[in-house]
There are 2 protein chains.
Amino acid sequence: MLVVHKYGGTSVGDLDRIENVANRVAKAREAGNDIVVVVSAMSGETNKLIGYAEHFTSTPAKKELDMLLSSGERVTAALLSIALQSKGFDAVAMTGRQAGIVTDDTHTYARIETIDPTAMHNAIDEGKVVVVAGFQGINKDGSVTTLGRGGSDLSAVALAGALKADQCEIYSDVDGIYTTDPRIEPNAKKLDTISYDEMLELSSLGAKVLQNRSVELAKKLGVKLYAKSSFSDNEGTLISEENDNMEEVLVSGVVLDKNQARVTLRGVSDRPGIAAEIFTKLASENINVDIIIQNVGTDGATNLGFTVPQSEHENAKKVMAGFDHDIEGMDFDEHVCKVSVVGVGMKSHSGVAATAFRVLADNNINIQMISTSEIKVSMVIDEKYGELAIRTLHEAYELDK
Amino acid sequence: MLVVHKYGGTSVGDLDRIENVANRVAKAREAGNDIVVVVSAMSGETNKLIGYAEHFTSTPAKKELDMLLSSGERVTAALLSIALQSKGFDAVAMTGRQAGIVTDDTHTYARIETIDPTAMHNAIDEGKVVVVAGFQGINKDGSVTTLGRGGSDLSAVALAGALKADQCEIYSDVDGIYTTDPRIEPNAKKLDTISYDEMLELSSLGAKVLQNRSVELAKKLGVKLYAKSSFSDNEGTLISEENDNMEEVLVSGVVLDKNQARVTLRGVSDRPGIAAEIFTKLASENINVDIIIQNVGTDGATNLGFTVPQSEHENAKKVMAGFDHDIEGMDFDEHVCKVSVVGVGMKSHSGVAATAFRVLADNNINIQMISTSEIKVSMVIDEKYGELAIRTLHEAYELDK
């Protein structure tokens, strides 16, 4: 079996932890598997380097930043390879370039365009463990590029796809995907399996184990993903194609996102294209809009509501001030949060949303906005009720069972 | 004028020093020059990384070591480029690979085979300062290689040659080449010029400003070298082809090398090839032999003497024990040093060696071994007289004038 492992910054945070990772890789190798390992920079290293660059300017050139930041992963890759060799395993370290990763020109946020896995296959055929510096590639001109936040996950998934690996195991300091944040609800349970789509909803909603880009890519390439802990031997969570088994489970998880501010616009003029104008302007100011709700008020005027990250709240206010001749009243609230219920089972079961609404109502929690998708119900509520809502929803859907 | 600058680890030792280097490069650029800068890793960085590797094994694989160590120079190159950009200069950082440096396969001690300067020329034509990570290249397979100790000097000289640069300025924390070590003789004077050959003798004799490999390469490629300080605006020393001017100077410098141990073999059997056997065996044990002296004793038996580094003294003893049936008597002394007088003027002036012998005799310093070349006289003496010998020789040749 060909398996790609990926170890994050915390898992390779110091030399003893790199040794620990070497032991895990060695064990997997001894079990008879071919192994490609993707590593992040040692934790703190990337921020240290960014700090160095910002000593000179708050806006360092992205091309230079990429050369700077890519060095951290190279160090870890070389060290892990040395650690494996010291245990008697044949290993070879490769940079993103040597692993065959070619990206576009978008420095600091490059997209992988092609991967030529020949060098990796050759090394595997020679019986070697391949250790690849994550987060990086080169563009067509040969300049070093990096893949943005969570880029090492992306490297791992992309390499697993290019190598047609049997599975890709993402190691971090948590041992899988939980029904909700265990810090909020101690009865949260680790999930054995979850679908790509549920994972996408969960991670975009605030679960930080796996980056969305990686899950999207895994879905696209059909890579079987495991989220595991590098500090335990627990089974972890398999993220894969949805199957019948999964659909029996009504709800997979509930998530809290506290980084939300709400904007409500009353009496928006019925001039055609006004909504487009508003959201184009917000986008041009790099304000990410999350939930958008529009409905017609009782008097025929349109009411429009949306949420933005709390940090963008003031900027959103400024942008909206430019529209005040088109809008009767504006209402801003940065003390809101979003609770979401996610599950592929919703597709074939009705009543999931109704349960959520009833549970919140029973607890006197007023729902300010509602947004639904095929596998998700999101509700914007007063920030102070966030944890309570999560706990009661978790219990209502029997996620602790 | 196209100028290559090279800044060593101390010159880029922290962020403020990198800023200082940026200011120096900026000044040279503003003077109308095209500039290519080669940088070392921040001081301490390379040793830190070696320490990391040695956490796992005392013999890390050289290929991995190269990927590990090459990261330090990349960080400095990116940071210096960012610092230059923050001052409004157009700059681009390049790895050894991007600068077109291709080496052989000898990891950790690679030789530069070819340099394709196209990318550098293109950047220069676009008005950019090019900042290159020193010490590194790639081999034909695309693996990262490093050039060994002093490798950044070598990168700078080789790039200057490939670019047909007008001169190559090597910056360190000393402001040039001195007539002798100023810590021994406070009246030591900085030389304005020195020939490649004198520099080669001086650096192999213990002056540490420039590595031999770099001076040899500069000589071969005809690169005009300047040794300068990055902490002052002093003129520095020009190292170039010997010229008539230089020959008027009898002696350029005197050097002390305390890392010497002496081996004397009396009554070596006249079996043909015995000397070859001895030195082949020493070489196979990686013992570097410096001075070798052989002469015929009064009784017709051969006497043989040589020096080795003090750290190899015990090893040399062990090796020589294997020859004791061929040798009447052996004498080992690790309390010796070597003082050397260097100058191209010697070629055309006699009496330089005689002066040295007389000066040492006048001070009751016994000369144990003598070795001469066209531009050098070396004498092995008792270690405790080393500094005295240097001071009296420095005065005798009027090097303080």
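**Ground rules.** I noted that this is a predicted model, in which local features need pLDDT of at least 70, side-chain atom pairs count only at pLDDT 80 or more, and totals for chains, interfaces and linings use all residues. Residues are numbered from 1 along each chain as its sequence is written, while chains are lettered from A and ligands numbered from 1 in the order in which they are written. Helices (H or I, at least four residues) and strands (E, at least two) are DSSP runs, numbered from the N terminus.

**Helix 12 of chain A.** I listed the buried residues of this helix, residues 386-396: A:Gly386, A:Ala389, A:Ile390, A:Thr392, A:Leu393 and A:His394. A residue is buried if 20 or more other C-beta atoms lie within 10 Å of its own, exposed if 12 or fewer, and partly exposed in between, with C-beta atoms placed from the backbone. These buried residues pack against strand 13 (253-268), strand 16 (327-342), helix 11 (352-362) and strand 18 (376-382) of chain A.

**Other positive phi values.** Most residues other than glycine have a negative phi. I checked A:Phe135, which has a positive phi of about 80 degrees although it is not a glycine. A:Phe135 sits in the loop between strand 6 (129-133) and strand 7 (136-138) of chain A. A:Phe135 counts as buried because it has 29 C-beta neighbours inside 10 Å. In chain B I checked B:Asn286, whose phi is near 60 degrees. B:Asn286 is in the loop between helix 9 (274-284) and strand 14 (292-296) of chain B. With 8 other C-beta atoms within 10 Å, B:Asn286 is exposed.

**Domains.** For chain A I read domain 1 (2-173) and domain 2 (254-396); such bounds come from an automatic or database domain assignment. The C-alpha centres of these two domains of chain A lie 38 Å apart.

**The two copies.** I laid chain B on chain A: a turn of 180 degrees and a shift of 0.0 Å along the axis give an RMSD of 0.0 Å. The two copies are therefore related as by a two-fold rotation axis. Copies are superposed by least squares on the C-alpha atoms of residues with pLDDT of at least 70 in both. Of the residues of chain B, B:Ser71 comes closest to the axis, at 2.6 Å (C-alpha).

**Where the chains touch.** I found 28 residues of chain B in contact (C-beta atoms, placed from the backbone, within 7 Å) with 28 residues of chain A. Helix 2 (45-56) and helix 3 (62-86) of chain B are the elements that give two or more residues to the side of chain B that touches chain A. Helix 3 of chain B gives the most, with 14 residues.

**The sheet of chain B.** Which strands form the open sheet of chain B, and in what order? I traced eight strands in the order 3-6-2-1-9-11-12-10, with mixed pairing. Two strands pair if DSSP finds at least two bridges between them. Strand 3 (91-94) and strand 10 (193-195) of chain B are the edge strands, each pairing on one side only. Strand 1 (residues 2-7) and strand 2 (residues 34-39) of chain B run parallel and are joined by six bridges. B:Tyr7 has B:Val39 in strand 2 of chain B as its bridge partner.

Methods. Contact = placed C-beta atoms within 7 Å.
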